[in-house]
Amino acid sequence: MKTFKIGGVHPEENKLASNSAIEVLPIPQKVCIPITQHLGAPSTLVVEKGGIVKVGQLLAKADAFICANVHSSVSGKILKIDTVTDTSGYRKTSIFIDVEGDEWEESIDKSQNIVKEIKLSKEEIIAKIKDMGIVGLGGATFPTHVKLMVPQGKKADVLIINGVECEPYLTSDHRVMLEKAEEMLVGVSILMKGLGVEKAMIGIENNKTDAISHLHNIASGFKGIEVHALKVKYPQGAEKQLIKALIHREVPAGKLPIEVGCVVSNAGTAFAVYEAIQKNKPLFERVVTVTGKSVKKPSNFMVRMGVTVNELIEKAGGLPEDTGKVISGGPMMGKSLNSLEVPVVKGTSGILIMTQKESKRVEIQNCIRCGKCITVCPMGLEPYLLAQVAENANFETAENERVMDCIECGSCHYTCPSGRPLLDYLRVGKNKVGQIIRNRANN
Amino acid sequence: MNQVLIYSIIALGSIGAVSAIILYFVAQKFKVIEDPKIDEVADKLPGANCGGCGFAGCRNFAEAIVKAGNMDNLNCPVGGNSLIKEVAPILGIVAVEKDPQIAVVRCSGSKANAPQKAEYDSASTCVFAHSLFAGESGCPHGCLGLGDCVVSCKFDAIYIDEITGLPVVSNEKCVACGACVKACPRTIIEIRNKNKKDRRIFVSCINQEKGAVAKKNCEVACIGCGKCVKVCSFEAIILKNNLAYIDYTKCTLCRKCVEECPTHAINELNFPPRKPKAEKTESVIAE
């Protein structure tokens, strides 16, 4: 079975919510929508306090190149434009809306029938994806229309769809692939046309055999789409590892996948592209998994953007007594929340509730030079060395030893028998070296 | 025997002489002409090579001084004003004394004032914590208390107080070299004038959020109300971005702003305690 050759770990899968069908949540009473929910430049506000909005109405415009539009997920009156704490505790400008009814923009097609015919041209597809505010739903939230714009001198020959979902606990992509398979595949065809390629490969980890066989059957009705099973190994879902496993090409250090002729997009994003192009529906809701060993009802909810994490947890049975941490994302790369009043944004793939026992950090001891971290690093780096030089502020060595190639997957940190905070120091190193490189470029 | 002796003397003597001539010309060609003043100035410097001046060592600093011809922007924190007095005659200029300065920590978000709302359990360095999240108290400008400033100080002049969780600067040991200022990822520490008897007044907050938001996270935050600006008769305080700032060159240490501040955000250090206001006695009108 296909897999990536270097490194990787096997954390417990704990896919507790994989059999829970997507549940559409009732309309919330109020929402708080941050105006920047993507990687890149912040968006510009186009509405003001007191304004009446409809579902799907534009709230913030993309003014820079790497930027995305933000649309309203509800209909109602704008209560205020204020700041709200995001997942890191820092405050971001957001639009607070008091919800009234559920009135959608007239242009949106609410019907459920699947539209297979793609009427738009390549350029029109890219423009419409930009208009509808589609960003990568895998978690990185990179604006999709920018990904499809191949730079001069480069050419793409294959589109890769990431249905891997290698993070333990998360199941939103799994459910989308099972329940919205045909729509997703139309979305893949649209992306293929937008990118200008004839071939698409969907990579799915082998712990989702039902999704693999289901998609395989439906893909036979589509031209150029192949479904591939991948060996279950973390971080198979990482871009570079996925490309290596599927098409055996290695993305050069510091460069993007387009360098080797491909573009990677998440399965959930493909579904969002279908809804955007065929149904004129902007991105204002997404599937979020709420899970954890102590959660009463591990579920996959279709959530409107702007609903607070607190409300989601209530719908999944309430916050358990012995909760230690609440994580936005998965256990390997997710972010621990310090407030439950943060809103769900485009990048929220799941909410994981960890018990006190699970959240306890191991006691930190000395490095015993066992080399396990080197064995598991999927990028072929030496985490023990990089962490040590970053801790000692020796950033010149950190740069020479390729700390910037680290994808922050956490495999080294997970494996270390001495419980050393490797990922933490790697992040310090990447942060500082990144600054040094930017200063060098500016001078 | 005599012949051997004479021949050996002539042979070795001529080799020596030729070498001496070659060496002389080479020495002349590759001679480095150095201003003799550099040696004189270097002599007066402390010789600790601490880097507090920002140069690679005392010799390097001496070269910079002689090249500039003055010590206007060159400061040796260890030598201080006595050094300036000694170096001035060598350069042939008049000594201009600099006001003694000290590092000031502009945050009072102690464990009591800014209660912990989340628990941080990761790498014990402020740089990392700052890039990860706003802080345990929720204030995105507040001190994280993990001690990057302590590690950076070469003069052992700063330590983290166990009870408050905030850094404390030693009046005697701090030489205002600026290492802690650079080490703090939130630019909480500032070099300010030391004044007589080590007294100083400063706004102990750099939070630029709206007053209500700032106060939610910390009891003694500056809420940008502007009362201090109004009460200062020396126009030493400016209010910008919901934050007050005291200009230490204009401040006369009168302490009026300290009393006026409703959140006690302005700190005064090393002042004697205030005398309580005299009770007003009722006047008895003699009939």
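Which residues does A:Pro378 touch, not counting residues up to four places away in sequence?

Mentor: This is a predicted model, in which local features need pLDDT of at least 70, side-chain atom pairs count only at pLDDT 80 or more, and totals for chains, interfaces and linings use all residues. Residues are numbered from 1 along each chain as its sequence is written, and chains are lettered from A and ligands numbered from 1 in the order in which they are written.

With residues up to four places away in sequence left out, A:Pro378 touches A:Phe4, A:Ile6, A:Gly7, A:Gly8, A:Pro235, A:Ala238, A:Gln241, A:Cys409 and A:Ser411. A contact here means that the C-beta atoms of two residues, placed from the backbone, lie within 7 Å. A:Pro378 sits in the loop between helix H10 (372–376) and helix H11 (383–391) of chain A. Helices (H or I, at least four residues) and strands (E, at least two) are DSSP runs, numbered from the N terminus. A:Pro378 is buried, because 24 other C-beta atoms lie within 10 Å. The cut-offs for C-beta atoms placed from the backbone are 20 or more others within 10 Å for buried, 12 or fewer for exposed, and partly exposed in between. A:Gly292 is 86 residues from A:Pro378 in sequence and 27 Å from it in space, C-alpha to C-alpha.

A cis peptide bond joins A:Tyr234 and A:Pro235, with omega about 0 degrees. Most residues other than glycine have a negative phi, and most peptide bonds are trans. A:Pro235 lies in the loop between strand S11 (225–230) and helix H6 (239–247) of chain A.

Chain A is divided into domain 1 (1–24 + 111–360), domain 2 (25–99) and domain 3 (372–442), with bounds from an automatic or database domain assignment. The contact between domain 1 of chain A and domain 2 of chain A takes 36 residues from domain 1 and 30 residues from domain 2. Strand S1 (22–24), helix H1 (122–131), strand S14 (299–304) and helix H8 (309–315) of chain A each supply at least two residues of the side of domain 1 that touches domain 2. S14(A) gives the most to that side, with 4 residues. By class, that side of domain 1 has 18 nonpolar, 7 polar and 11 charged residues. Ala, Val, Leu, Ile, Met, Phe, Trp, Tyr, Cys and Pro count as nonpolar, Asp, Glu, Lys and Arg as charged, and the others, Gly among them, as polar. Between the centres of these two domains of chain A, taken over C-alpha atoms, there are 22 Å.

In S14(A), 5 of the 6 residues are buried. The open sheet has 6 strands of chain A in the order S1-S14-S13-S17-S15-S16, with mixed pairing. Its edge strands are S1 and strand S16 (335–336) of chain A, each of which pairs on one side only. Helix H3 (residues 172–179) of chain A packs on the sheet and touches S1, S13, S14 and strand S17 (350–355) of chain A, with its direction at about 125 degrees to that of S13(A). Axes are lines fitted to C-alpha atoms, for helices over the stretch in contact, and angles run from 0 to 180 degrees between N-to-C directions. Two strands pair if DSSP finds at least two bridges between them.

S1(A) and S14(A) pair in the parallel sense over 3 bridges, and A:Val24 has A:Met302 in S14(A) as its bridge partner. Strand S13 (residues 285–291) of chain A pairs with S14(A) in the antiparallel sense over 6 bridges; there A:Arg286 is bridged to A:Val303. Strand S15 (residues 323–328) of chain A and S16(A) pair in the antiparallel sense over 2 bridges, with A:Lys335 as the bridge partner of A:Ser328.

Strand S3 (residues 44–45) and strand S5 (residues 58–61) of chain A pair in the antiparallel sense over 2 bridges, and A:Thr44 has A:Lys61 as its partner. S5(A) is also joined by 2 bridges to strand S6 (residues 70–71) of chain A, and these run antiparallel. There the bridge partner of A:Leu58 is A:His71.
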